[in-house]
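Subject: Structure handover, salt bridges

Hello,

Here is the structure for your files. Please open it alongside this note; my findings on charged pairs follow below.

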Amino acid sequence: MIAIGLTLNKTTSETIATTTTTTIPPTIAIRTTTTATIPTTITIRTTTTTTTRQSVTHSQNVNYQCNFDNDMTGDCQFMLASGGTNNLAITNGNIPGGNPTQPLSDVTSVLSLTTPNNERCNFPYTYTPGNWQMYFCRRISNTNYSCPTNSGLGQCAMGKFAGIRAPATTGAYDQTYVTDVKRSSSAIQCLDFYYYIPGTSNNPKIQVRWKADADTQQIIELTAHSENKWQHFSSSFTAPSSSSYQLTFRMMRDAGSFSYIFGLDEIKIYDQRCDSGMTATQ
């Protein structure tokens with residue numbers, strides 16, 4: 001802020017006439033006129049203010065980023081690390097036959113503005129038939145997903161996610177999938193992703209760990225929520241000292257159940273501590 005003061009001095013003259021009459025007997029009068037000049041100073045102060053606005057952006061480098069929109073390419077190369085059949089598939093969602101036991105659209109569709117009204121979806125909304133609360137875009141066709149907005153029906157942006165099917169079995173389910181984090185330098189890093197765990201029966205959960213050679217450490221164990229929707233996780237963790245490592249996702253349930261699908265989407269690892277004001281750079 002810069003303040004500039006300007007002072008102008010202005011002098012004016014005011015004339016005051018004073019008349020004094022002296023009477024000298026018998027008939028002579030002497031009139032005296034006195035003129036006085038009184039200087040008056042008027043000060044005019046002008047202040048100019050200049051404001052400089054400075055914006056600060058927090059930036060973080062991305063070590064890993066996968067949204068599955070281009071299938072299993074780039075960072076999205078997941079492999080089955082445990083026994084059994086590979087049940088991971090890339091999908092954009094299905095038409096529900098009832099209250100869903102899997103994500104019905106990806107995270108992009110849920111978070112993005114719709115077209116053509118440029119508004120967000122109003123979640124949840126009542127899905128019919130069934131009259132249950134819906135937290136996903138509704139699939140109309142392979143290329144058309146929609147949701148209600150304030151001004152009417154909007155078309156959702158389309159993307160994909162990873163669905164891991166836990167088949168109907170009589171026993172427990174336990175599978176682990178692994179992906180490579182090829183860039184790593186900071187000791188403290190930030191893991192940010194979306195996940196879906198279907199229902200709460202038979203204790204379904206997801207364990208997330210890092211693995212570097214023989215070393216391994218759990219980052220988080222996630223359990224199901226009461227709301228049937230995508231959930232968001234973001235937390236700092238202590239990374240291994242190596243320049244690369246593996247990130248593992250272990251899907252489990254304690255006992256046999258009907259078939260349902262775990263979901264993963266929008267996985268990112270930043271090369272420093274999580275910060276609510278960060279913007280991602282690559």
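The count comes to 5 salt bridges, a salt bridge being a side-chain nitrogen of Lys or Arg within 4 Å of a carboxyl oxygen of Asp or Glu. This is a predicted model: local features need pLDDT of at least 70, side-chain atom pairs count only at pLDDT 80 or more, and totals for chains, interfaces and linings use all residues. Residues are numbered from 1 along each chain as its sequence is written, and side-chain values use heavy atoms, with hydrogens and water left out.

R250 and D174: their closest N and O atoms are 2.5 Å apart. R250 sits in strand β21 (residues 245-253) and D174 in strand β16 (residues 173-181), so this bridge ties together parts 76 residues apart in sequence. Strands here are DSSP runs of E, at least two residues, numbered from the N terminus. R250 is partly exposed at 30% relative accessible area, and D174 is partly exposed at 37%. The cut-offs: buried is under 20%, exposed is over 50%, partly exposed is in between (1.4 Å probe, protein chains only).

E221 and K205: the closest N and O atoms lie 4.0 Å apart. E221 belongs to strand β19 (residues 215-223) and K205 to strand β18 (residues 205-212), so the pair links parts 16 residues apart in sequence. E221 is partly exposed at 34%, whereas K205 is buried at 16%.

E227 and K229: here the closest N and O atoms are 3.0 Å apart. E227 is partly exposed at 36%. K229 is partly exposed too, at 26%.

Best wishes

Terms used:
Helix = DSSP H or I, 4+ residues; strand = E, 2+ residues; numbered from the N terminus.
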